Amino acid sequence: MSHVSEMWCYHWKWKLQQCLCLFTTYIICMQQTAHGCYDCRTVLTDPSGVFTSPCFPSDYPNSQACKWIIRAPHGFIIQLTFIDFDIEEAPGCIYDSLTLDNGESPMNLCGITAKGLSYNSTGNEMIVLFKSDFSIQKKGFNASYVRIAVSLRNQKVIIPQVPDIDAVSVAETVSVPELRQFTLCFEATKGSSDDNDDWKVFSYSNALLTELLSFGKSAKGHFLSISGTQCILKNALPRHAEFFTGTFQQLCVVWDSFWGTIGIYAKSTYHVVSCPEFFNKVIPGDGRLVLGSNSNEVSSLNGDIYNFRLWNFTMNAQTLANLSCDVKGNIVDWENEFWSIPTSALKAENNLSCGSYLIPSSSIEPTSCANLGSLCQATVNATTPTPPTVTTNMPDTNRNDKPNNGGLFYRISIIVSSSNPNSVSKVHDVVAEWLNRTFQNWNYTVYVVNISIHPASIREGTRQKRSIKSFSALALLVYNATNNINLEEEDIRQKLISNNRTMEEGYQLHTVDVDPVEKCLAEENPPNYFWPDTRPTVTNITFCHGSSVQTASRTCYLGLQNYTSYWGQPDLRNCTENAADIANQLLNLTGEGQQLTSDKVNDVNYVVQKLKKIANDEEIDESLGSTVVTIFSNILTSSDSVLAASSSEALKTIDALALKIHFTGPSMSISTRNLALGVSSINSTSFKGGSFSVSPQSNASDFQIDFDKDQTSAFASVVLPPSLLKNLSQDEFEVISRAQFTFFNKNGLFQ
């Protein structure tokens, strides 16, 4: 007990005159907590969930000691997101705090700046610790967690810098064939502090370690090397500037030995480089491909690599421009089974271009307060003054009036001089204590967080004694506008200036700058998603494009390095496209009174691409199939010039639809004004022939398809003889399952 008392009095030594009284209260709280808050020490193993500080959204009780262990199976990491976060702010989080142990480097969090932020574990476990002391409670936190499958889609690879030590290579089970042409795409970064201009991104060698293929950079510029011959990619990639930077840049390389050329697709631009020395070259198969250099003579790119894919055919510029994450490399793909990668080289990261994260379910695991008794309704009444935190001293009655708009943020920049030979940490404590006293008992609910101190010089040009040192202090002031009173930056500036003389002896304030933190500016990202001007830490919600139910979200974050705002990536995980909804939208777009004209070629392309996605990706029943056929019938009313660009894709999509549509019975037909589709089941072992015919319906503008009937009034008919299947191979014979008949009343697609 005496040890606890000593520790408590050390942190609060300016309260020593009332140490005995408050220590008694502290022990009472600890006893109540130990008996009542066992539910906040638990292990969470569900795939996703939500947990909160005790009593959330009410203020958390005094003297809590909570621990959550979030655990997932091997092969997963944990992603933790703070939906709401408000814990008593103090330098170093010495009073109340949340400690996050991600398996690599524990961090202490307090204040409000963690709101909206996400953190990833490095392994399959994350530990969250929460503690509160005997006074000043806040709202606490509300956190969600989700498992993330640790596939390569969710991880980047740190390129090894020493050959054959923790090497990253294509797995031995993957056989690279002989190559006369290829398309290769990857994303990479390069360390900003690395000035080396002689490196390789990858190297492919035979069993004798003779290099057969590599890509890198030398003093002459970026190059592609085949069988020891280098082709400098001049005009396609910069020679003296860095293409790879601190953020991922995608690069695609296309080579064809027949033409002796190299295509480079980078930053949405396609360049062709002539390399006659590569004409008729052949890259032998069965080699070993490693990321980085395969020798000590040339270093590896000092950076990370992601989404390395290799095909044994060439792609044109249009294909590369539309290349999606779903297009897998047919030789090497960015999936675990293609690679041999040591754990030390893998690092999970948010916002990778092809990352696929699980969507948290609605399951909630709140921290129970059922046994806390009065702790969730009352606070400990202490007669001591407010402790020296950097928050303002406001009455408890105002604590629950927290705005939902994230508050207002101001950057405070000051220059302080000191005649005392103190360290930066001492100056930090002096400035933090002075800021706290300056804003206590003010008319505004404000507090200061994230104070940083750096040595500086007085810019006014005034002469100083050599014994006087100057320091630059940067801090963030948070204003919770609970009473809707405007707070101008000049008011903050004058408040600081007027309290200059209250700073500790030997310190003097020289300059004061106060600026509001800018909003994230309105923008459209991605297309059809509009985000208005938004204050930092605020999350905007909007409907998914084309939906009145599903929502997307985007958060305006606050960067704590320079106190500027920036947009996070839009969260479109809920915007899953429902095939039936999309089809109905397209039906409305192409229906009566919406005839597409020559001014709307892009509209037709849009419709055909959407229908293609439905036909290729979705399960199609007769109802959905009927809607798709009706849409095609509608666009057939467009002119030939409008249909020309999409004719080939449209015909292929109609064929794909006929192959996939599910129906009951021996046959099904869909008839519309300009298009009729008939599909008949075929038993290849007992096929005796069949027929299709199309004729006008009585008193209707649509057509009628008949099976196995001879229609004398038919517009068209097809007879399938019993001998139709006789010349098929055994493999073809076994997969025959249906026959398709399509009738077009317009010929605009046949150009």
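Colleague: Leaving aside its neighbours within four places in sequence, which residues is phenylalanine 186 in contact with?

Modeller: A word on the ground rules: this is a predicted model, where local features need pLDDT of at least 70, side-chain atom pairs count only at pLDDT 80 or more, and totals for chains, interfaces and linings use all residues. Residues are numbered from 1 along each chain as its sequence is written, and side-chain values use heavy atoms, with hydrogens and water left out. Taking contact as heavy atoms within 4.5 Å, the partners of phenylalanine 186 are Val201, Phe202, Phe215, Phe244, Gln249, Gln250, Leu251, Ile305, Tyr306, Asn307 and Phe308.

Colleague: Which residues touch the most other members of the largest nonpolar core?

Modeller: A nonpolar core is a set of buried Ala, Val, Leu, Ile, Met, Phe, Trp, Tyr and Cys residues joined through side-chain atoms within 4.5 Å. Buried means under 20% relative accessible area, exposed over 50% and partly exposed in between, with a 1.4 Å probe and protein chains only. The largest such core has 54 residues, and the members touching the most others are Phe186, Phe215, Phe308 and Trp339.

Colleague: And which elements give two or more residues to this core?

Modeller: Helices (H or I, at least four residues) and strands (E, at least two) are DSSP runs, numbered from the N terminus. On that basis, the elements giving two or more residues to the core are strands S12 (181-188), S13 (199-205), S14 (211-218), S15 (221-226), S17 (249-256), S18 (261-266), S20 (288-291) and S22 (304-311).

Colleague: Where do cysteine 185 and cysteine 252 lie?

Modeller: The two form a disulfide, S to S 2.0 Å, where a disulfide is a pair of cysteine sulfur atoms within 2.5 Å. With 115° about the S-S bond, this link is right-handed. The pair ties together parts that are 67 residues apart in sequence, because cysteine 185 lies in strand S12 and cysteine 252 in strand S17.

Colleague: Is the disulfide of cysteine 93 and cysteine 110 left-handed or right-handed?

Modeller: The sulfur atoms of cysteine 93 and cysteine 110 are 2.2 Å apart. The torsion about their S-S bond is about -80°, so the disulfide is left-handed.

Colleague: How many residues apart are cysteine 520 and cysteine 556?

Modeller: A disulfide joins cysteine 520 to cysteine 556, S to S 2.1 Å, and with 80° about the S-S bond the link is right-handed. Cysteine 520 sits in the loop between strand S28 (507-516) and strand S29 (523-524), while cysteine 556 is in strand S32 (residues 551-559). The pair links distant parts of the chain, and the separation is 36 residues.

Colleague: Which residue in the turn between S5 and S6 has a positive phi?

Modeller: Two strands pair if DSSP finds at least two bridges between them, and S5 and S6 pair in the antiparallel sense over three bridges. Within that pairing, leucine 100 stands opposite methionine 107 in S6. The two strands form a hairpin with five residues between them, and the turn residue with a positive phi, about 95°, is glycine 103.

Colleague: What is the bridge partner of serine 97 in S8?

Modeller: S5 is largely enclosed by the rest of the structure, because four of its five residues are buried. Five bridges join S5 to strand S8 (residues 125-131), and the two run antiparallel. In S8, serine 97 has as its bridge partner lysine 131.

Colleague: Which residues form the one aromatic cluster that includes Phe186?

Modeller: Rings of Phe, Tyr and Trp (its six-membered ring) pair if their centres lie within 6.5 Å; planes under 30 degrees apart count as stacked, over 60 as edge-to-face and the rest as tilted. By this rule the count comes to 25 aromatic pairs. The cluster is made up of Phe186, Trp199, Phe202, Phe215, Phe243, Phe244, Phe248, Tyr306, Phe308, Trp334 and Trp339.
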